[in-house]
Amino acid sequence: DDHDDADIGAAVRDIHRGCQKVLSSHFDIEAVMPGDEDDSVSVPKGFDPGEVRLIGEVNGEPPFKGVMRHHGWRATKVKLPSLAEGIDRHVLAPAEVEVQS
């Protein structure tokens, strides 16, 4: 509350640049559906509901016509370091403990 919108915007841009750098160093990412937000789109029969979430008034069977609200993201390549055998790959970030003597 103590900062104006320009200061907040500048800080957020730096955060977004940092996030983009980390993501691009570990993943190659592409849009799930081509196009831009607010484009008219058609969702075909047999679409993968894990890739396309339908919102709004969904009735009947595909194909569905609508407006793209977000094109989604998918990783086409994952570049993560190899882990030693027995490491739990479900841990997203480990706990940190500062050892004190």
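**Note on loops, rings and pockets**

1. Pro63 sits in the loop between E2 and E3. A cis peptide bond joins Pro62 to Pro63, with omega about 10°.

2. Keep the source in mind. This is a predicted model, in which local features need pLDDT of at least 70 and side-chain atom pairs count only at pLDDT 80 or more, while totals for chains, interfaces and linings use all residues. Residues are numbered from 1 along each chain as its sequence is written, and side-chain values use heavy atoms, with hydrogens and water left out.

3. Look next at Asp38. Its phi is positive, about 75°, although Asp38 is not a glycine. Asp38 lies in the loop between strand E1 (27–31) and E2. Is Asp38 buried or exposed? Asp38 is exposed, with a relative accessible area of 54%. The cut-offs are under 20% relative accessible area for buried, over 50% for exposed, and partly exposed in between (1.4 Å probe, protein chains only).

4. The structure holds one aromatic pair. The ring centres of Phe47 and Phe64 are 6.4 Å apart and the planes stand at 80°, so the pair is edge-to-face. The pair links distant parts of the chain: Phe47 is in the loop between E2 and E3, Phe64 is in strand E3, and they are 17 residues apart. Rings of Phe, Tyr and Trp (its six-membered ring) pair if their centres lie within 6.5 Å; planes under 30 degrees apart count as stacked, over 60 as edge-to-face and the rest as tilted. Phe47 is partly exposed at 21% relative accessibility, whereas Phe64 is buried at 15%.

5. The largest pocket has a volume of about 560 Å³. Of its 22 lining residues, Val52, Arg53, Leu54, Ile55 and Val67 are the closest to its centre. Strands E2 (40–43) and E3 (64–67) each give two or more residues to this lining. E3 provides the largest share, four residues. A pocket is an open set of points on a 1 Å grid over the protein atoms alone, where a 1.4 Å probe fits, with protein on both sides within 12 Å along at least five of seven lines; lining residues have an atom within 4 Å of a point.

6. The second largest pocket holds about 290 Å³ of space. Its lining includes His26, Leu80, Pro81 and Arg89.

Key. Points joined across faces, edges and corners; volume = space filled by probe spheres on them.
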